[in-house]
Amino acid sequence: MSRMRLLVVAGFVVLAKAAPAQAAAAAPGAGTPRPATTSSLPTARVTYRTLTETNLELERLAAANPGRVKRFALPHLSVLGQTVWALEISRNVAESSGKPVFLMTGLHHSREWPTVELTMEFVHDILKSDGVDTTITRLLDEVRFIVVPVVNPDGYELSRALLNEQKRKNCRLESGTTPTFADCANPAHAGAGVNLNRNYGAFWGGGGANIAANQGSYRGVAPFSEPEVQNMRDLMAANQVVVALSNHTPDAKVLRVPSAAEEPTPADVAVYDSLAQLLGKDLNWPAGPWPKIYYVASGTMEEQAYYSAGTLAFTFEHAPGQRSFHPAYPFVVDQYSGTGAYPGSSARAGFVRLYAAAAEPALHGVLQVRAPSGARLTITKSFDLETAPVIQADSSRAPPIRLPTTLTSSMLVPRGANEVTWHMNPSLRPSQHEQAHLDEAWTLTCTLGARTQSVKVRVVRGAVARVDVRRCGRAR
């Protein structure tokens with residue numbers, strides 16, 4: 001790390017300091033690119049970032065680009081009490097808008113350092129390409145890009161500092177207790193923690209997740225038990241995330257739902273898989289559902305995003321083939337551009353395709369809302385999400401847990417305007433039990449001063465629904 005910690009670990013005083021990035025990575029094998037003093041990345045970096053460097057970089061990006069970048073803290077502190085930071089990137093970022101949202105995350109799993117790098121470099125790429133690259137310039141106008149580079153700051157700090165280099169999970173040592181950093185760094189607790197990508201609510205407790213706390217895919221004591229996952233749940237529930245990406249390493253896959261054996265074929269399988277296959281071509285990897293091309297997993301980010309809101313959500317498994325979750329840094333450089341060790345496997349191309357997919361009206365719903373100038377529009381929907389039938393220690397199954405869920409997002413009608421376009425997820429939600437959509441509606445509420453008007457709105461993927469709530473501006 002960029003700072004040192006004095007720790008007491010297993011009775012010994014340890015001065016913890018990050019090793020140079022190339023030494024920290026797995027020892028280069030045959031064909032490993034030689035370390036360089038500069039790179040082709042947007043920042044020209046040649047070393048892995050620390051958590052402190054990443055957080056400072058987010059702060060500086062927001063300060064240097066006030067019209068395009070907004071930094072904000074997610075609502076829940078990590079298990080060890082650290083703030084989890086996010087950026088929103090868009091043209092006129094401080095203004096309320098009905099733009100569609102593309103959400104990208106890095107580092108659910110502590111040892112997967114390249115996910116921080118690839119995420120951060122794409123942020124820099126967007127800002128540098130504004131006004132130069134016509135596609136990026138257009139997408140800055142049309143999309144809200146929300147990025148969480150480090151979902152799991154505690155685990156990243158431990159792994160990046162080489163205190164527990166191969167740590168996968170967060171720092172939850174025991175349910176209901178808050179450990180210290182030294183507790184989490186104690187070698188006796190090397191296997192402790194919750195796998196955050198098994199802790200999401202939809203289909204939690206199904207196959208492909210461990211019940212035992214010392215296992216690598218430990219699901220936690222309950223769905224959303226971990227604050228880091230609560231952050232992601234709340235972020236997705238408060239924004240119209242039409243496309244989402246969870247970055248991981250190192251297995252050369254583009255993954256979509258279903259990820260658990262308990263899931264049906266997705267209701268949107270045609271459009272969902274078509275996008276997955278295009279991404280597979282960008283990255284030169286197999287693309288498809290987890291069980292078909294990878295393994296079974298339950299309680300994943302994709303499941304939560306898709307079954308709660310119809311979000312087209314994916315995992316990328318980056319930097320394959322070197323038998324390390326964080327290979328020597330030149331592999332990160334090559335993965336970003338699709339050159340060197342990864343010819344034709346461009347993370348950037350995949351990122352840009354998803355960014356552009358978020359802007360495509362055929363892949364989400366659109367509301368054309370007539371409303372009075374200055375009014376606040378709020379859209380909401382409440383329902384029960386379900387876990388899988390929960391696997392017990394004796395391999396029996398308990399009934400699914402019902403998870404009351406509310407999606408709520410809002411925008412302002414600009415002064416002088418009387419109509420707005422709002423890009424959002426369809427009101428019809430994918431069923432968790434069959435290949436079908438649930439015929440649900442959004443509730444749209446217009447508020448101006450003390451006056452309100454609410455209407456039910458039904459919108460399907462690829463359609464435009466027209467709504468008139470101008471009565472909320474009229475005295476009764």
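Author: A residue is called buried under 20% relative accessible area, exposed over 50%, and partly exposed in between, with a 1.4 Å probe and protein chains only. Cys-446 has a relative accessible area of 0%, so this cysteine is buried. Cys-472 is likewise at 0% relative accessibility and therefore counts as buried. This is a predicted model, in which local features need pLDDT of at least 70 and side-chain atom pairs count only at pLDDT 80 or more, while totals for chains, interfaces and linings use all residues. Residues are numbered from 1 along each chain as its sequence is written, and side-chain values use heavy atoms, with hydrogens and water left out.

Reader: Which bond do Cys-446 and Cys-472 form?

Author: A disulfide is a pair of cysteine sulfur atoms within 2.5 Å. Cys-446 and Cys-472 form one, with their sulfur atoms 1.9 Å apart. Cys-446 lies in strand 19 (residues 442-448) and Cys-472 in the segment after strand 21 (464-468), so the pair ties together parts that are 26 residues apart in sequence. Helices (H or I, at least four residues) and strands (E, at least two) are DSSP runs, numbered from the N terminus.

Reader: How many disulfides are there by this rule?

Author: The count comes to two disulfides. The other pair is Cys-171 and Cys-184, joined with an S to S distance of 2.0 Å. Cys-171 lies in the loop between helix 5 (153-160) and helix 6 (181-185), and Cys-184 in helix 6, so this pair ties together parts that are 13 residues apart in sequence. The torsion about their S-S bond is about -95°, so the disulfide of Cys-171 and Cys-184 is left-handed. Both Cys-171 and Cys-184 are buried.

Reader: What does Thr-443 touch, apart from residues up to four places away in sequence?

Author: Contact means heavy atoms within 4.5 Å. Thr-443, in strand 19, touches Thr-378, Ile-379, Thr-380, Ser-454, Val-455 and Lys-456. A polar contact is a pair of N or O atoms within 3.5 Å; within protein, one must be able to donate a hydrogen and the other to accept it, and residues adjacent in sequence count only if both atoms are side-chain atoms. The side chain of Thr-443 makes such a contact with the side chain of Lys-456, at 2.8 Å. At 17% relative accessibility, Thr-443 counts as buried.

Reader: Which residues touch the most other members of the largest nonpolar core?

Author: A nonpolar core is a set of buried Ala, Val, Leu, Ile, Met, Phe, Trp, Tyr and Cys residues joined through side-chain atoms within 4.5 Å. Of the 108 residues in the largest one, Phe-102 and Leu-377 touch the most other members. The largest share of this core, eight residues, comes from helix 12 (residues 347-359). Apart from it lies another core, of six residues, among them Cys-171 and Cys-184.
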